[in-house]
Amino acid sequence: MQTIWNLNDNDRLIIFFSGWGMDYRATEHLSYDGWDVCTCYDYSDLDTDDLDS
C-alpha cells in the first residue's frame, strides 16, 4: 500500500482510502484548516512500513 501525507502539524487527521483505479491525485487538492490528510492507494502490496512511526 502506498501512502501520501499532507501534514500541517494539526491534531486531527483525515484518512482517505482510494478505490479501484484511483491514486493519490484524487485528494491532492484537499486542504482543510485544522486537518492533516493521508491518502492510501495501490493495494497490490499491503505492507505499511511508513505507518510504524
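Biologist: How many bridges join β2 to strand β3, and do they run parallel or antiparallel?

Modeller: Six bridges join them, and the two strands run parallel. Strand β3 covers residues 35–41. Strands here are DSSP runs of E with at least two residues, helices are runs of H or I with at least four, and both are numbered from the N terminus. Two strands pair if DSSP finds at least two bridges between them.

Biologist: What should I know about the source before we go on?

Modeller: This is a predicted model: local features need pLDDT of at least 70, side-chain atom pairs count only at pLDDT 80 or more, and totals for chains, interfaces and linings use all residues. Residues are numbered from 1 along each chain as its sequence is written, and side-chain values use heavy atoms, with hydrogens and water left out.

Biologist: Which residue in β3 stands opposite I14?

Modeller: V37 does.

Biologist: And in what sense do β1 and β3 pair?

Modeller: Antiparallel, over five bridges. T3 faces C40 of β3 there. In general, strands of a sheet pair through backbone hydrogen bonds, either parallel or antiparallel.

Biologist: In what order do the strands sit in the sheet?

Modeller: The order is β1-β3-β2, in an open sheet with mixed pairing. β1 (2–6) and β2 are at the edges with a single partner strand each, so one side of each has no neighbour in the sheet. On average, neighbouring strands are turned by 20° against each other, direction ignored. The axes behind that angle are lines fitted to C-alpha atoms, for helices over the stretch in contact, and angles run from 0 to 180 degrees between N-to-C directions.

Biologist: How many helices are there in the protein chain?

Modeller: Zero, against three strands. From the N terminus on, the chain reads β-β-β.

Biologist: Take T39. Is that residue buried or exposed?

Modeller: T39 is buried, at a relative accessible area of 3%. T39 is part of strand β3.

Biologist: What does its side chain contact?

Modeller: The side chain of T27, in a polar contact of 2.3 Å. A polar contact is a pair of N or O atoms within 3.5 Å; within protein, one must be able to donate a hydrogen and the other to accept it, and residues adjacent in sequence count only if both atoms are side-chain atoms.

Biologist: Switching to the surface. Which residues make the nonpolar surface patch?

Modeller: W5, L7, L13, I15, F17, Y43 and L46, with about 720 Å² between them. Patch residues have over 30% relative accessible area and no salt bridge; like charges are joined within 9 Å, nonpolar side chains (Val, Leu, Ile, Met, Phe, Trp, Tyr) within 5 Å. Areas come from the Shrake-Rupley method with a 1.4 Å probe, and for residues only the protein chains shown count as cover.

Biologist: Which strand gives the largest share of the nonpolar patch?

Modeller: Strand β2 (residues 12–17), with three residues. L13 sits in β2 and is partly exposed, at 37% relative accessibility.

Biologist: Where does W5 lie?

Modeller: In strand β1. W5 is partly exposed, at 37% relative accessibility. Its side chain has a polar contact of 3.4 Å with the side chain of T3. Between the C-alpha atoms of W5 and D36 there are 7.7 Å, though the two are 31 residues apart along the chain.

Biologist: How many salt bridges does a search of the whole structure find?

Modeller: One. The side chains of D23 and R25 form it, at 2.6 Å, N to O. The cut-off is a side-chain nitrogen of Lys or Arg within 4 Å of a carboxyl oxygen of Asp or Glu. R25 counts as exposed because its relative accessibility is 52%.

Biologist: Backbone next. What is the phi of D9?

Modeller: About 60°, positive although D9 is not a glycine. Most residues other than glycine have a negative phi. D9 is in the loop between β1 and β2, and is exposed at 76% relative accessibility.

Biologist: And where is D42?

Modeller: In the segment after β3. D42 is partly exposed, with a relative accessible area of 36%.

Notes
Buried means under 20% relative accessible area, exposed over 50%, partly exposed in between (1.4 Å probe, protein chains only).
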